[in-house]
Amino acid sequence: MAGKDLNQKLNELISSLQDQGILDDYFDELKGLQDEQSPQFVTNTITIYLGGADDTIAELTKNLSEPAVNYPRVTYLADKLKGSSMSIGGARMADVCAELCEASEANKREACLALFGGVNREYSILQESLNKIAQLEQAIHDNKD
Amino acid sequence: MMVGEKKIYALIVEDDRVTQMRHRMLLKRFKCESHVAGNGKEAIDLFRSGASFDVVLMDMEMPVMNGLEATKELRAMGFEGHIVGVTSRDLDFAKQVFNEAGADSCYEKPLTPEYVTSILQEINDN
């Protein structure tokens, strides 16, 4: 029964996040790839995503604080973060990364800084959401053992 | 991926770990053996060391050597297998440049089961 409640809680959380546009169908597809042979695939993928995103955002922070912005590097990092976010199903995060990518390709410093603020805000929301999902996934996994 | 009864061996050339994990699991669902290279140079080195693959899923933007350069190099080396460009950038542009580099097709990433089915069909048709 506890397991059923946890699954329901997880499904309701995911549904709510999708209603808000924080997650999209790509997250459902990711979750659908989890199987008995890889029962912690979702949790592991979330861990990898958050670790990579932390590093990429740290490097973006450094690059965008330089007097002379290395726009090709910023473009590459924003595109990488966009791709990673798309793969985890982080729709709003991917969208704002795409906008940052465009601003960087156009060498628009002020737009980059404003959009990077947006990246940080969306990442904070996505990070909290994914951590909640990971906690529930882990609890479901522990409940099965 | 299975084409007929033959197991397909895929090389995922991708620098993002999340996408690597996702694509590996997806290909496993289609009973495909996959290997990962973190950039174009690693992919080229694999082929030069004698590794053999039926299909290469090639990301566009990667450090050290990008997907377009790696695609051109693989074709110059004589690789005749299927190369599929994978991109998170503008798809029409990516299709054009990957085609010019020698790829067989190009898809948006992350790949979906429908895309993999389509890729499998392309391999089957060839």
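Between chain B and chain A, 12 residue pairs are in polar contact, both residues of each pair being at pLDDT 80 or more; a polar contact is a pair of N or O atoms within 3.5 Å, where within protein one atom must be able to donate a hydrogen and the other to accept it, and where residues adjacent in sequence count only if both atoms are side-chain atoms. The model is a predicted one, in which local features need pLDDT of at least 70 and side-chain atom pairs count only at pLDDT 80 or more, while totals for chains, interfaces and linings use all residues. Residues are numbered from 1 along each chain as its sequence is written, chains are lettered from A in the order in which they are written, and side-chain values use heavy atoms, with hydrogens and water left out.

On the side of chain B that touches chain A, the largest share, 9 residues, comes from helix α1 (residues 17–29) of chain B, helices (H or I, at least four residues) and strands (E, at least two) being DSSP runs numbered from the N terminus. The residues of this side divide into 8 nonpolar, 3 polar and 9 charged, with Ala, Val, Leu, Ile, Met, Phe, Trp, Tyr, Cys and Pro counted as nonpolar, Asp, Glu, Lys and Arg as charged, and the others, Gly among them, as polar. In terms of contact (heavy atoms within 4.5 Å), 20 residues of chain B meet 26 residues of chain A. The two chains bury about 2100 Å² between them, 56% of it on carbon and sulfur atoms, where buried area is the accessible area (1.4 Å probe) that two parts lose on being put together, summed over both. Val18(B), Arg22(B) and Met25(B) supply 30% of the area that chain B buries against chain A, more than any other three residues.

Across this interface 4 salt bridges are found, a salt bridge being a side-chain nitrogen of Lys or Arg within 4 Å of a carboxyl oxygen of Asp or Glu. One salt bridge joins the side chains of Glu105(A) and Arg89(B), at 2.3 Å from N to O. Arg89(B) also meets Glu61(B) in a salt bridge of 3.6 Å, N to O; because Arg89(B) lies in the loop between β6 (82–87) and α4 (91–101) of chain B and Glu61(B) in the loop between β5 (55–59) and α3 (67–76) of chain B, the pair ties together parts that are 28 residues apart in sequence. Through shared partners, salt bridges join Asp79(A), Glu105(A), Glu61(B) and Arg89(B) into one network.

Over all chains the structure holds 16 salt bridges. Within chain B, Glu33(B) pairs with Lys7(B), their closest N and O atoms being 3.3 Å apart, and this pair links strand β4 (residues 33–37) with strand β2 (residues 6–7), the two residues lying 26 residues apart.

The largest nonpolar core has 61 residues, and those with the most contacts inside it are Tyr49(A), Leu81(A), Met93(A), Val119(A), Leu130(A), Ile133(A) and Leu57(B). Such a core is a set of buried Ala, Val, Leu, Ile, Met, Phe, Trp, Tyr and Cys residues joined through side-chain atoms within 4.5 Å, and buried means under 20% relative accessible area, exposed over 50%, and partly exposed in between (1.4 Å probe, protein chains only). Helix α6 (residues 109–144) of chain A contributes the largest share of this core, 11 residues.
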